[in-house]
Amino acid sequence: MDGRLTFLGTGTSMGVPTVGCGCAVCTSTDPRDRRLRPSVLVRWNDATPDGGRERVVVIDTGPDFREQALRNGLTRVDAVFYTHAHADHILGLDDLRPLSYKAFREGEPIPLYASAATAATLERIYEYTFSAQATYPNRARVQLKTLGESTVVHGVEFRRVPLMHGQMEIAGFRFGRTAYLTDVSEIPERSFALLAGLDHLVVSALRYKPHPSHATVEQAVEWARRIGARQTWFTHIAHELGHQATNATLPEGMALAYDGLSVPVELGTV
Ligand SMILES: [Zn+2]
Ligand SMILES: [Zn+2]
Ligand SMILES: [Zn+2]
């Protein structure tokens, strides 16, 4: 099935420009050097006999989710997948509220798919949303669901791809012939089998200097070569990497993604 992948944000946890920084990338006039916190959107038309409806899945709702939803004209979210519970991936959860009220009028809270560890952190931070005792009237109409190996959203399959982020196991996702792997410092051997035959690979590449819980550009290029997707996009990018200068050094078929980039993708139906 035809879908689209849109990059809502391609920056690292601090975003680019980074607060208080006057470096060449943070002061660049190239709009592709302005990076909101990392997130992507997958959309498709479910092609039901009544003419079909647009379906929208978001992976992570970081602190810039509100701005990202406005920029991309989001009017619905059918499901959210969480990779892990770091601030740059979850702190926009409350900005699902307006879309969740709209969805709720159609009957259902928005499902949020998360591992047990991620869900526990979400429940703690958003106690006023998830606790049965909470009396907060304006809570998001959302429902935590356990992330399994395979999740089907309106006929489209999202497979979990286990990844290591420092010492923590987190979730990457494969949907059709595309994979989104962010905040990865190591791809476990068993996960490579889930990454065969990709058109688009999205993988995080922080900077050149090593980091304990993120891949460098060099490491990400090495994975990209091994996985062999038709096109690899790097994301979760720090301010050390200028868009144009970095792209000029990358191998054919690999490039830094940028906020607003949107590509057609082939999704898998179930
Ligand atoms: Zn992150
Ligand atoms: Zn900077
Ligand atoms: Zn993280």
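**Exercise 1.** Is His239 buried, partly exposed or exposed? Work from the predicted model.

*Solution.* Take the relative accessible area of His239: 23%. Buried requires under 20%, and exposed requires over 50%. His239 is therefore partly exposed.

**Exercise 2.** Which residues coordinate the zinc ion (ligand 2), and what is the geometry of the site?

*Solution.* 
- Step 1: list the donors. They are Cys21 (SG), Cys23 (SG), Cys26 (SG) and His239 (ND1), at 2.0 to 2.3 Å.
- Step 2: check the angles. Among the 4 donor atoms they run from 103 to 117 degrees. Four donors count as tetrahedral if all angles lie between 85 and 135 degrees. The site of the zinc ion (ligand 2) is tetrahedral.
- Step 3: read the spacing in sequence, C-x1-C-x2-C-x212-H.
- Step 4: Cys26 sits in the loop between β1 (2-9) and β2 (39-45), and His239 in the loop between β12 (231-235) and α8 (243-247), so the pair ties together parts 213 residues apart in sequence.
- Step 5: Cys26 is buried, at 7%.

**Exercise 3.** What is the geometry at the zinc ion (ligand 1), and which residue coordinates both this ion and the zinc ion (ligand 3)?

*Solution.* 
- Step 1: name the donors of ligand 1. Asp88 (OD), His89 (NE2), Asp183 (OD) and His236 (NE2) coordinate at 2.1 to 2.2 Å.
- Step 2: judge the angles. They span 91 to 165 degrees, and the site is irregular.
- Step 3: Asp183 coordinates both zinc ions, ligand 1 and ligand 3, which are 3.5 Å apart.
- Step 4: locate the histidines. His89 is in helix α2 (residues 87-90) and His236 in the loop between β12 and α8, 147 residues apart.
- Step 5: His89 is buried at 0%, and His236 is buried at 1%.

Note on methods
Residues are numbered from 1 along each chain as its sequence is written. Chains are lettered from A and ligands numbered from 1 in the order in which they are written. This is a predicted model: local features need pLDDT of at least 70, side-chain atom pairs count only at pLDDT 80 or more; totals for chains, interfaces and linings use all residues. Side-chain values use heavy atoms; hydrogens and water are left out. Donors are N, O and S atoms within 2.8 Å of the metal (3.2 Å for Na, K and Ca); water is not among the atoms, so sites may look incomplete. Four donors count as tetrahedral if all angles lie between 85 and 135 degrees; four count as square planar and six as octahedral if opposite donors are over 155 degrees apart and all others between 65 and 115; anything else is irregular. Helices (H or I, at least four residues) and strands (E, at least two) are DSSP runs, numbered from the N terminus. Buried means under 20% relative accessible area, exposed over 50%, partly exposed in between (1.4 Å probe, protein chains only).
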